[in-house]
Amino acid sequence: MKSSKPRIEVNKYVKEDQNLEALTGGREGAIYKKENTVIRPLNAWSGNVHRLLYHFQAQGITECPRVLGIEGQNEILSFVDGQTYNYPLTGAIASQSALVSAASLLRKLHDASVSFLAAGCDQETQWMLPARSPQEVMCHGDYSPYNVALSGETVVGVFDFDTAHPAPRVWDLAYAIYCWAPFKTDKIDALGSLSDQIERAKHFCDAYGASEQQRRELVDAMVARLDALVTFMRDEADNGNEQFAANLEDGHHLSYLADIDYLKAKQVRISERLME
Ligand SMILES: Nc1ncnc2c1ncn2[C@@H]1O[C@H](COP(=O)(O)OP(=O)(O)O)[C@@H](O)[C@H]1O
Ligand SMILES: [Mg+2]
């Protein structure tokens, strides 16, 4: 979900500061590093994301950025150390250890978020993406290989919580596995054959400790999650978001639609193996 956030022409706060390093892998010209901090644009939901990050910190979770403050229209977060990657997945990010450690970290975040929701986050709280019932955990919302940091072949950090929202565990698990298997039809983004993808999905489920019911629901959840993503892109474009209008014009949604067809066509085979 690379382009689901408001477009930033040039981040004004950072425009003249010579000590800044532009970070790649997200929105261009929007995210900067300064010493050990990251400077990112604030959004309407950032206050809630900060509450979530404070909560993780209070729970002793060290893999997430810490909120250091707000300056102008930007948030200042701690820099999460580690190597970052993007598609196509090659090298350490494509390893089984990266996959398994990513799944374990997702489980840890989900478990730690239960008390965040219990402490009174309700339907009215604003997030970028709509809350879904049952609100079991706080989903990261974009738990993909380009939003984690690695030390060697181990995932040791995660960032970019803009898409966080309350939803069932399987909702986040589904999108994460779609991204990590990855069940993508794009030749560059795909990694291995369908059998390889299914084995990776199974390893992710095992390392997360997915229940039988979650495994049964997984493919349907992946399809529903991608469908929601395309709907979100269309709604944003209809509401005047130029970035989304341009993305749709360029056909960015077509790969998601192709992946939905792929998942539906392979559903029985994927589900059977996940349930073994
Ligand atoms: N707190 C952080 N620690 C380390 N690296 C970060 C952090 N935040 C962002 N980055 C780096 O900057 C890139 C872009 O930031 P990200 O928050 O993912 O932007 P976007 O919201 O546009 O996707 C990331 O892919 C990552 O490499
Ligand atoms: Mg990102």
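Me: Why does Val49 count as buried?
Reply: In this predicted model, the relative accessibility of Val49 is 5%. Buried means under 20%, so Val49 qualifies. The residue is part of helix H1, residues 46-58. Leaving aside neighbours within four places in sequence, Val49 is in contact with Trp127, Phe161 and Asp162.

Me: And how far is Val49 from Gly91, in sequence and in space?
Reply: In sequence, 42 residues separate Val49 and Gly91, and C-alpha to C-alpha they are 31 Å apart.

Me: What makes Ala94 partly exposed?
Reply: Its relative accessible area is 23%. Partly exposed is what falls between the buried cut-off of 20% and the exposed cut-off of 50%, so Ala94 gets that label. You'll find Ala94 in the loop between strand S5 (74-78) and helix H2 (96-118).

Me: Which residues does Ala94 touch, beyond its neighbours within four places in sequence?
Reply: Ala94 is in contact with Leu89, Leu191 and Arg200. As for Glu153, 59 residues away along the chain, its C-alpha atom is separated from that of Ala94 by 8.6 Å.

Me: What makes Glu35 exposed?
Reply: The value for Glu35 is 67% relative accessibility. Glu35 sits in the loop between strand S2 (32-34) and strand S3 (37-41).

Me: Why pick out the phi of Glu35?
Reply: Most residues other than glycine have a negative phi. Glu35 is not a glycine, yet its phi is positive, near 50°. Asp160 is another non-glycine residue with a positive phi, about 65°.

Me: How do you know whether Asp160 is buried or exposed?
Reply: Its relative accessibility is 14%. With the buried class at under 20%, Asp160 therefore counts as buried. Asp160 lies in the loop between strand S8 (154-158) and strand S9 (165-167). The side chain of Asp160 also has a polar contact of 3.5 Å with that of Asn147.

Me: Why is the packing of H4 and H5 called oblique?
Reply: Helix H4 (residues 194-208) and H5 pack at an angle of about 140°, and their axes are 11 Å apart. Roughly antiparallel needs over 145 degrees, and roughly perpendicular runs from 65 to 115. The contact involves Lys202, Cys205, Asp206 and Tyr208 from H4, with Gln214, Arg215 and Leu218 from H5. H4 passes H5 in a right-handed crossing.

Me: What makes H5 oblique to H6 as well?
Reply: Here the angle is about 125°, with the axes 7 Å apart. That sits above the perpendicular limit of 115 degrees and below the antiparallel one of 145, so H5 is oblique to H6. H5 supplies Phe232, Met233, Arg234, Glu236 and Ala237 to the contact, and H6 supplies Phe244, Ala245, Asn247 and Leu248. The crossing of H5 past H6 is left-handed.

Me: How do you know that the buried residues of H6 share a side?
Reply: The buried ones in helix H6 (residues 242-249) are Gln243, Phe244, Asn247 and Leu248. They cover an arc of only 130° around the axis, so they lie on the same side of H6. Glu242 and Glu249 are exposed on the other side. The buried residues pack against helix H5 (212-238) and helix H7 (252-275).

Me: What caps the N-terminal end of H6, and which residue with a positive phi follows the helix?
Reply: Asn241 is the cap, with a side-chain oxygen 3.1 Å from the backbone nitrogen of Gln243. After H6 comes Gly251, with its positive phi near 80°.

Terms used
Residues are numbered from 1 along each chain as its sequence is written. Chains are lettered from A and ligands numbered from 1 in the order in which they are written. This is a predicted model: local features need pLDDT of at least 70, side-chain atom pairs count only at pLDDT 80 or more; totals for chains, interfaces and linings use all residues. Side-chain values use heavy atoms; hydrogens and water are left out. Buried means under 20% relative accessible area, exposed over 50%, partly exposed in between (1.4 Å probe, protein chains only). Helices (H or I, at least four residues) and strands (E, at least two) are DSSP runs, numbered from the N terminus. The arc is that of the directions from the helix axis to the C-beta atoms. Contact means heavy atoms within 4.5 Å. A polar contact is a pair of N or O atoms within 3.5 Å; within protein, one must be able to donate a hydrogen and the other to accept it, and residues adjacent in sequence count only if both atoms are side-chain atoms. Axes are lines fitted to C-alpha atoms, for helices over the stretch in contact, and angles run from 0 to 180 degrees between N-to-C directions. A crossing is left-handed if the near helix is turned anticlockwise from the far one by less than a right angle, and right-handed if clockwise. Angles under 35 degrees count as roughly parallel, over 145 as roughly antiparallel, 65 to 115 as roughly perpendicular and the rest as oblique.
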